[in-house]
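I opened this notebook to look up the aromatic rings and their neighbours. The entries follow in the order I made them.

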Amino acid sequence: MNLPEPLDPEPVRPLAEDTNWHRNAVFYEVLLGSYADSNADGIGDFQGLRSRLGYLSWLGIDCLWIPPFYPSPGLDGGYDISDYTGIDPKYGTLEDFEALLEDAHALGIRIVIDMVMNHTSSKHPWFEASRSDPQGFYGDYYVWRDEPDEYLDARIIFVDTEHSNWTYDEVRGQYYWHRFFSHQPDLNFENPHVRESMREVVRYWCAMGVDGIRLDAIPYLYEEDGTNCENLPETHEFIADLRQMIDEEFPGVIMIAEANQPPEQVVDYFGTDSNPECHICFHFPIMPRLFAAMQQETSKGVEQILAQLPPLPSGGQWGTFLRNHDELTLEMVTDQERQAMYGWYAPQDRMRANVGIRRRLASLLGSSRRRIELAHALLLALPGSPFLYYGDEIAMGDNIWLQDRDGVRTPMQWDASEGAGFSEADPKTFRLPLIDTPAWDYRAVNVEEAWGRPTSLLNWLRRTLAIRKAYPAFGLGQMTLVHTSDEAVLAFTRRDEADTILCVYNLASAPRAVNLWLPGMAGWSTVDMYAGNPFPKVDTNDELTLTLGRHTFYWLRLKQEQGND
């Protein structure tokens, strides 16, 4: 397979010195077990990922997010952890992980890892000790009760599989609390030893050299009867304490909050300038509305969410995404909106999971090149740091017949060889099968084919990432919504001291002509940021008239003409 290698192994910038690196970074989530297999056992590993760093550097990725690679029974994609400081042998060794860090840093690529603090696996030694010796040191490491009659106002998250947040344990003779699967008991953060254990785990990996930690399921750390057991003050106190430790001991390491909550509650996970918490919070509410906007052909829902964005403390940044390893969650929409999304994007029950849709980006958008580009162009220009999902850069498909969320976690499609370039093992031994359905067959949809075709989505995305990187206004600039004459057209500016960028998107399936109002910009020129071609000037009434094809967009650089006020 002929793939790009980096020309220069030197760092893009001093990794340890730029404490605001996350605000202009492009993140890429890579599922380790599905990315590249180095030892022909059918499972992706650290050495395999190391071999693909050249490709990721070529693409323009600044930071890799690697979901859990710790020892685990593997009942929840590794999020059921049985050892916080170990490496699951199927992925390699601690030395392999250290080598990955070194090679990635040499290419200017940072590494963020998952930190699952809310719960462990029921196979974790802490839980085994807690259930067998209630009076011992670990007896109070989890939340135990004689009767399941507390915290009844807390919702059940995995409604497809769980009927209660309490499960009876035959060994201890009590019920234990869990917000997720019954094999994932929640830790008891009321216990100071639990809090210190988690701080020590974070210290361990930060000292190893990771550049960030993603705090999985962070709203649920504490419980209080009479509440929904989410976003409690004690949870924020713990996060602020953790942030203080990281800032003092490991400056430049970031904390990312996975808090699937309404915007007015998510923003609390940033903390304040005087008492900061997380550097990045995922923006869950914007994502389903992007998909709804393309179906409804209206910008109103997206504009409403963008208008509600609260100011963030210094250094704070939204984390934006289109898809990831989980279902496309629909918890942050109304019941009516949810049913509409199901009708548009998941008409079959097998396409749904929990309160969401378990499909990949290309599948959701019918492999429409125009809509996939439009979605990425939105993602990369919205306020925040974008998170891409492995395989979406080549429009990989999914397999709705696999269990749970495995349908969007299949092996990366590198080439048309028998193992898709993922592994030299017999494909029949792969944990998850390769995609071979006609629209997304790995022999037609793969990195090698796309890399060698100048007009491919992969090469378009690489070019788009390069443009974004050249203009810091995309990451750091202010966002201002632009009034348009057609609600099917979404427009906004991103602006910093150096540049003003106008982003215009036609969400409709037909061409549109539109007037945009740009107060105070009469006479300003506009230039297409892809080809460098001049576009119309803003007229004397502060209006700009544009025509857009169906599902197309423009990124235009606005420049004030010399002599204009």
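**Aromatic rings**

I looked up F321 and found that F321 counts as buried at 4% relative accessibility (buried is under 20% relative accessible area, exposed over 50%, partly exposed in between, with a 1.4 Å probe and protein chains only). The model is predicted, so I noted that local features need pLDDT of at least 70 and side-chain atom pairs pLDDT 80 or more, while totals for chains, interfaces and linings use all residues. Residues are numbered from 1 along each chain as its sequence is written, and side-chain values use heavy atoms, without hydrogens and water.

Next I looked up the ring pairs. Rings of Phe, Tyr and Trp (its six-membered ring) pair if their centres lie within 6.5 Å; planes under 30 degrees apart are stacked, over 60 edge-to-face, the rest tilted. I got a count of 53 aromatic pairs. One of them is F282 with F321, edge-to-face, at 5.7 Å centre to centre and 85° between the planes. F282 is in strand β9 and F321 in strand β10, so this pair ties together parts 39 residues apart in sequence. Strands (E, at least two residues) and helices (H or I, at least four) are DSSP runs, numbered from the N terminus. I also noted that F282 is buried, at 3%.

Then I checked F474 and W555, a tilted pair with 4.6 Å between centres and 40° between planes. F474 lies in helix α15 and W555 in strand β22, so the pair links parts 81 residues apart in sequence. F474 is buried at 0%, and W555 is buried at 0%.
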